[in-house]
Amino acid sequence: MIQANDLSKSYDQHEVLKHISLTIPAHQVVAVIGPSGSGKSTFLRCLNGLETITGGSVSINNHLLKATDKKKTRLKTIHEIRQDTGMVFQQFNLYPHKTVIENVMEALIIVKKQSKSTAKTVAAQLLKRVGLQEKEDVYPSKLSGGQQQRVAIARALAMEPKIMLFDEPTSALDPELVGEVLKVMKELADEGMTMVIVTHEMRFAESAADRILFMADGQIVEDSEPKAFFAQPATERAQKFLAKVN
Ligand code: ADP
Ligand code: MG
């Protein structure tokens with residue numbers, strides 16, 4: 001479902017991602033962990049074309065994006081990739097002047113060209129799925145951070161993505177609100193969604209992920225099964241990292 005081949009990303013002279021190659025099969029749940037500045041966000045953003053790659057290639061659901069692509073080809077491929085991927089960020093980025101259900105309906109009407117009434121039915125189902133059926137007509141500012149993030153997840157799901165990318169979805173939340181968001185993510189994982197999750201929630205990574213990628217200095221330093229990784233990471237860098245976050 002996801003394939004990176006010798007993927008690199010530089011900003012000017014600074015190489016932020018260094019020749020990353022990996023394959024993520026459909027339905028796999030991958031947790032990406034590592035120190036701040038190691039390239040985790042950049043890696044996610046390269047997967048869905050939010051950043052242009054400067055070396056190698058990325059393939060998402062058989063849409064191949066190469067560093068050597070001409071602009072026109074690249075834009076076309078990115079458009080296709082966006083149809084297949086949903087992304088959730090640390091900041092929820094909801095439209096403040098739209099109600100919860102209108103936030104979810106937006107893409108259904110604009111991108112999926114659904115009628116307003118169809119969009120409303122679909123959006124209501126999605127909100128039910130994230131446990132927010134009672135909040136349809138409320139404005140985002142009236143919701144807790146955890147509720148807002150669940151709306152953001154419902155909004156991403158509205159596009160019926162084949163892959164969900166999460167970049168520290170719970171990092172901006174008060175501790176007591178983290179669980180409700182992780183619960184929704186765990187349900188998605190259990191339903192077979194292909195997911196790549198950048199997270200600092202080690203217990204969640206261990207229990208929900210099929211695979212751990214440990215990144216440092218723009219490289220995937222470890223690619224392990226969660227149990228093995230958390231019991232005893234292979235590299236000193238990962239050992240030090242875990243000692244600090246736990
Ligand atoms: P992480 O998510 O692991 O904290 P990032 O992917 O955000 O790491 O950043 C990796 C490196 O790339 C950092 O050194 C950061 O300063 C650099 N970087 C990220 N975005 C940009 C940008 N738009 N321009 C220049 N450097 C950037
Ligand atoms: Mg980041």
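1. Val32 touches Lys40, Phe43, Val196, Ile197, Val198, Leu213 and Met215, leaving aside residues up to four places away in sequence. Two residues touch, or are in contact, if their C-beta atoms, placed from the backbone, lie within 7 Å.

2. This is a predicted model, in which local features need pLDDT of at least 70, side-chain atom pairs count only at pLDDT 80 or more, and totals for chains, interfaces and linings use all residues. Residues are numbered from 1 along each chain as its sequence is written, while chains are lettered from A and ligands numbered from 1 in the order in which they are written.

3. Val30 and Val32 have the most contacts inside the largest nonpolar core, a set of 70 residues. Such a core consists of buried Ala, Val, Leu, Ile, Met, Phe, Trp, Tyr and Cys residues joined through C-beta atoms within 7 Å. A residue is buried if 20 or more other C-beta atoms lie within 10 Å of its own, exposed if 12 or fewer, and partly exposed in between.

4. Pro226 counts as partly exposed because it has 18 C-beta neighbours inside 10 Å. Pro226 belongs to helix H8 (residues 226–231); helices are DSSP runs (H or I, at least four residues), numbered from the N terminus. Beyond four places in sequence, Pro226 touches Ala205, Glu206, Ala209 and Ile212.

5. In helix H3 (residues 100–110), the buried residues are Val100, Ile101, Asn103, Val104, Met105 and Leu108. These buried residues pack against helix H4 (116–129) and helix H5 (145–157).

Note on methods. Helix = DSSP H or I, 4+ residues; strand = E, 2+ residues; numbered from the N terminus.
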